[in-house]
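This briefing reviews how the secondary-structure elements of a single protein chain are arranged. It takes the sheets and the helix pairs in turn.

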Amino acid sequence: MKAGSPIADSLRASLAELQQQAVRARPDYATRQRWLDGLQRIVTEHQAEWIAALNADFGCRSAVETRLAELFPALEGIRLARRRLKGWMRPQRRGVSLWFWPGRAAVQPQPLGVAGIIVPWNYPIFLALGPLTSALSAGNRAMLKMSELSPHSGALLARLCERYLGPEVVRVVNGGLDVAAAFASLPFDHLLFTGSTRVGRMVMQAAAANLTPVTLELGGKCPLLLAPGFDMARAAGSIVAGKLLNAGQTCVAPDYVLVHADDRDALLAALRSAARRAYPRLADNPHYTAIINRQHHQRLLAWRDEAHQRGARVEVLSDEDDASLAAACKLPLTLIEQAPADCAVMREEIFGPLLPIVTYRQLGEALAHILHQPRPLALYLFDDDRARIDRVLDATVAGGVSINDTLLHVVQEQLPFGGVGHSGMGHYHGHEGFLTFSKLLPVFRQSRLAGTALIRPPYGQRVQVLLR
Ligand code: NAD
């Protein structure tokens, strides 16, 4: 998108207006609380509209999942920010070395100005309101770019932000890839991008031209490691829940499972029964979310077929006919074993209900498999042996970890959230989110009684003594 195109010009004009607002009025505590109250009402007073918008975007989006995985965590984040805001805003005293005593030092968090937030389609409410909570609590204005694949949620957010926050605080932009590219090129004071690693690279390049700092919340393949002899029935329930939430279209979904070869049969049996229990029907089950569009549905089928043609064992956990599943744009949990390493399901982030299962004999082999892949956004470990848990945590690097469950570290609002390496950089949620969108202003206050004259020129005997 060239500067000077109508889209780029109108986005620039919008940003310039917000920047003027940011300079004119730095929001105090009461103003920020009012903004957060607006965010809270966007969630609490419009639940039915959100459920309908998400359902329209996905074709079928479980209403329970919309509440559980979007509205609930978004609200938790807003409530935490409201409770903690005063403490977060308070300047923090820091120690002063003896030489500068009795001067005083403190760190004072300040708003950066205007934040840009780019949102993917898979959890458009949570992934818009989560970063927005951090940005507004830190006293920034914000512009959001919603995904072209979730237009109903995008339109609803635009309408509700206009009503509860106003265009002098937040603006929501909807549109296609040309709008997205123009948006990433704007000179924001901070840009938080959530999406794929591929697009994250482009966003970081665009931001570099403006020296805009970025937080990148990206994707990748999240491993799930089952310790030898772990109770497979206990693990299977949470594997199925984590993999099939939003039909696997979750950045922190377990991408593949590593299991000890001796436990493989027990795992498969446990997964079959857990999947049947969780979703007895798929095509007409309103609690089983559809794949976002035909293109992604086709992509997943093509990856499954490729693995099958290349000798993998593929087990589709459903007896519903392909035509009715395809008509509903749904895909059953599909177990894939012995897929060659260069198959798409073994190389790429799956983002759907295909589940490769990889067996190991020694724990070291399983760790080597994890370390061979780019650093993941999440790592799941099922184990009751503390020493072995520590060994795995020491040997690996991941964005976040849940032990003996899936996904749940993400909804702990007091924990920071963010990737590492190819799965992203920086953090948000809770206090870390506030800090991400703040300038930490170091302030030194000199005392009348200061002895710093000793270190000023002309440099005489006394400074030489000090430096000795
Ligand atoms: P995507 O990267 O295709 O798109 C994300 C957003 O970027 C969309 O709003 C899109 O319009 C915009 N975009 C596209 N091209 C752009 C460009 N050139 N410049 C700026 N913006 C551009 O991702 P997606 O398909 O919407 O979402 C799925 C991916 O997001 C998966 O990889 C998933 O793991 C990742 N994800 C990560 C997290 C996280 O918190 N780390 C959360 C959800 C999804």
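Predicted model: local features only at pLDDT ≥ 70, side-chain atom pairs only at ≥ 80, totals over all residues.

Strand β2 (residues 104-111) pairs with β16 in the antiparallel sense, over eight bridges. Within the pairing, A105 stands opposite F444 in β16.

**Three-stranded sheet**

- Strands β2 and β16 belong to an open sheet of three strands, ordered β1-β2-β16, with antiparallel pairing.
- The edges of this sheet are formed by β1 (92-94) and β16 (438-445), each of which pairs on one side only.
- From one strand to the next, the twist averages 30°.

**Helix pair α2 and α5**

- The axes of α2 (residues 29-44) and α5 (residues 126-137) come within 9 Å and cross at roughly 165°. Because angles over 145 degrees count as roughly antiparallel, α2 is roughly antiparallel to α5.
- The crossing in which α2 passes α5 is right-handed.
- On the α2 side the contact is made by R32, W35, L36, L39 and V43, and on the α5 side by L129, L132, T133, L136 and S137.
- Seven of the residues in the contact of α2 with α5 are nonpolar, two are polar and one is charged.

**Helix pair α3 and α4**

- Helix α3 (residues 47-58) and helix α4 (residues 63-89) have axes that come within 10 Å and cross at roughly 110°. The two helices are therefore roughly perpendicular to each other.
- Helices α3 and α4 cross in the right-handed sense.
- Residues Q47, W50, I51 and L54 in α3 meet A63, T66 and L71 in α4.
- The contact of α3 with α4 comprises five nonpolar and two polar residues, with no charged residues.

**Helix pair α9 and α10**

- The axes of α9 (residues 232-244) and α10 (residues 264-278) come within 8 Å and cross at roughly 55°. Helices α9 and α10 are therefore oblique to each other.
- Helix α9 passes α10 in a right-handed crossing.
- The α9 residues in this contact are M232, A233, A236, G237, I239, V240, A241 and L244. Their counterparts in α10 are A266, L267, A270, L271, A274, A275 and A278.
- In the contact of α9 with α10, 14 residues are nonpolar, one is polar and none is charged.

**Annotated domain**

- An unreviewed UniProt entry carries the annotation "domain: Aldehyde dehydrogenase" for residues 27-438.
- The end C-alpha atoms of residues 27-438 lie 13 Å apart in the model. This span is 44% helix and 18% strand.

Terms used: Residues numbered from 1 in each chain as written. Axes fitted to C-alpha atoms, helices over the stretch in contact; angles between N-to-C directions. Helix = DSSP H or I, 4+ residues; strand = E, 2+ residues; numbered from the N terminus. Parallel < 35°, antiparallel > 145°, perpendicular 65-115°, else oblique. Left-handed = near helix turned anticlockwise from the far one by under 90°. Contact = placed C-beta atoms within 7 Å. Nonpolar A, V, L, I, M, F, W, Y, C, P; charged D, E, K, R; others polar. Pairing = 2+ DSSP bridges. UniProt positions renumbered as here; feature names shortened; annotations may be inferred.
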